[in-house]
Amino acid sequence: METTTKISEKRWQPGAIVPQSGVYVMHHRDRHSKAEEIVLLADKHFPQCEVCQGEASFELVRTAPYVFHDDDFHSDDTDERRP
Ligand SMILES: [Zn+2]
């Protein structure tokens, strides 16, 4: 029984919407540049690489919630506990 989606196997392309804030690895075409870890924020676009021209890919390493997106978080068992 799957508890979470297989995010580790998913790849994204430049220009796609970042699904979750976190650390991603950017893989370059033909390995012209070393794969590098970058931090991306949810709802932004994955960046273009001038050399890869859209053929780079991104892989999620780990999520890292962005504190200022607090209002967007899905809470499991709390419904807006506001005074
Ligand atoms: Zn590149």
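Author: Let's start at Cys 49, which is partly exposed because 17 other C-beta atoms lie within 10 Å of its own. The cut-offs: buried is 20 or more other C-beta atoms within 10 Å, exposed is 12 or fewer, partly exposed is in between, and the C-beta atoms are placed from the backbone. Keep in mind that this is a predicted model: local features need pLDDT of at least 70, side-chain atom pairs count only at pLDDT 80 or more, and totals for chains, interfaces and linings use all residues. Numbering runs from 1 along each chain as its sequence is written.

Reader: OK, and where does Cys 49 lie?

Author: In the loop between β3 and β4. Strands here are DSSP runs of E with at least two residues, helices are runs of H or I with at least four, and both are numbered from the N terminus.

Reader: What is Cys 49 in contact with, leaving aside its neighbours within four places in sequence?

Author: Pro 14, His 28 and Ala 56. A contact means that the two C-beta atoms, placed from the backbone, lie within 7 Å.

Reader: Tell me about His 28, then. Buried or exposed, or in between?

Author: His 28 counts as partly exposed, since it has 16 C-beta neighbours inside 10 Å. Its place is in the loop between β2 and β3. Beyond four places in sequence, its contacts include Cys 49, Val 51, Cys 52 and Ala 56. The C-alpha atoms of His 28 and Glu 55 are separated by 7.3 Å, though the two residues are 27 apart along the chain.

Reader: How many bridges join β1 to β4?

Author: There are 2, and the two strands run antiparallel. Trp 12 has Phe 58 as its bridge partner in β4.

Reader: New topic: which residues make up the largest nonpolar core?

Author: Tyr 24, Met 26, Leu 40, Phe 46, Ala 56 and Phe 58, 6 residues in total. A nonpolar core is a set of buried Ala, Val, Leu, Ile, Met, Phe, Trp, Tyr and Cys residues joined through C-beta atoms within 7 Å. Across the chain, 10% of the 83 residues count as buried.

Reader: What does Phe 46 touch, not counting residues up to four places away?

Author: Its list includes Leu 40 and Phe 58, and also Trp 12, Gln 13, Pro 14, Gly 15, Ala 16 and Val 18. For the chain as a whole, 70% of the contacts between residues at least 6 apart in sequence join residues at least 24 apart.

Reader: Where does Asp 30 lie? And is Gln 53 buried or exposed?

Author: Asp 30 is in the loop between β2 (22–27) and β3 (36–40), and it is exposed, with 8 other C-beta atoms within 10 Å. Gln 53 is exposed because it has 10 C-beta neighbours inside 10 Å, and its loop is the one between β3 and β4 (57–63).

How values were computed:
Two strands pair if DSSP finds at least two bridges between them.
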